[in-house]
Amino acid sequence: DAPEWRATDLDGNPLPVRDMPFERVRRTGKAVRDVRHALNWPDGRRQILSINAAPVDRPDSEVRVVCAIRDVTAETADEAALRDAVLRAREATEAKSRFLASMSHEIRTPLNGVIGMMEVLAQTPLDPEQRDYVDTARGSGEALVGIVNDVLDFSKIEAGKLALRITDLDLVATLEEVVAGFAERAHQKGLELVHLVDDDVPNELRGDPARLRQVLTNLVGNAVKFTEEG
């Protein structure tokens, strides 16, 4: 007669009796832990069992086996669902990263062209008002490039692919550059914007100048934005 159930491994391959945990213990004399197999019933049900088995010493030297069997069908399904969810999340993050990388390139190319033409225009004879317009347009373009880069960096951080470019950097020069970029905005709000580097702080450092500039820009930008007076 056909058996009421059919034992398989988790991939659905038939499981010979000699490969079942209790037979493995009888054959090797070594315990096994959390070996998982499936029971397939005629009505279509499929149970996943976790089996622990160990040999028991007998005076007559006959190998006996004690087994502890636990139904882990629901637990296994939850684990599979979690793995699938993690895989889908990773795929979505990678797809978003590729999209943002492509879009940032497409946006930066014309922006760099605009900024370049503003620089060329700035070298031509201009009256003070025209020069102010050119400088404002160039500054706005550079700020927009910075925003695009920030979006791309955030995507890289999510994907765990953000790499630092370690090189020599001048701390004071970097700080002066950042502060100079906010000088006009601070002046328009009636704020005094100054910077002071302690004598104990070394100037010649190793690091990523672009990332340091990003951090300082965020800090100084927030300081100017949220300071009303002083």
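This is a predicted model: local features need pLDDT of at least 70, side-chain atom pairs count only at pLDDT 80 or more; totals for chains, interfaces and linings use all residues.
Guide: Setting aside neighbours within four places in sequence, T174 touches L212, R213 and L216. T174 belongs to helix α4, which covers residues 171-188.

Visitor: Why is T174 called buried?

Guide: The relative accessible area of T174 is 5%.

Visitor: What makes the approach between the side chain of T174 and the backbone oxygen of D170 a polar contact?

Guide: A polar atom of the T174 side chain lies 2.8 Å from the backbone oxygen of D170.

Visitor: How many salt bridges are found in the whole structure?

Guide: The search finds eight. One of them joins the side chains of R36 and D34.

Visitor: How do you know that R36 and D34 form a salt bridge?

Guide: Their N to O distance is 3.2 Å. The cut-off is 4 Å; 3.2 Å is within 4 Å, and therefore the pair qualifies.

Visitor: Why is D34 called partly exposed?

Guide: D34 has a relative accessible area of 38%. Partly exposed covers values between the 20% limit for buried and the 50% limit for exposed, so 38% places D34 in that class.

Visitor: What makes R36 and E75 a salt bridge, and which parts of the chain does the pair link?

Guide: The closest N and O atoms of R36 and E75 are 3.1 Å apart, which is within 4 Å, so the pair counts as a salt bridge. This pair links distant parts of the chain, 39 residues apart: R36 is in strand β2 (residues 32-40), and E75 is in helix α2 (residues 73-122).

Visitor: Why are E75 and R70 both called partly exposed?

Guide: E75 has a relative accessibility of 29%, and R70 has 43%. Both values fall between 20% and 50%, so each residue is partly exposed. The side chains of E75 and R70 also meet in a salt bridge, at 3.2 Å from N to O. Through salt bridges that share partners, D34, R36, R70, E75 and E79 are joined into one network.

Definitions and conventions:
Residues are numbered from 1 along each chain as its sequence is written. Side-chain values use heavy atoms; hydrogens and water are left out. Helices (H or I, at least four residues) and strands (E, at least two) are DSSP runs, numbered from the N terminus. Buried means under 20% relative accessible area, exposed over 50%, partly exposed in between (1.4 Å probe, protein chains only). A polar contact is a pair of N or O atoms within 3.5 Å; within protein, one must be able to donate a hydrogen and the other to accept it, and residues adjacent in sequence count only if both atoms are side-chain atoms. Contact means heavy atoms within 4.5 Å.
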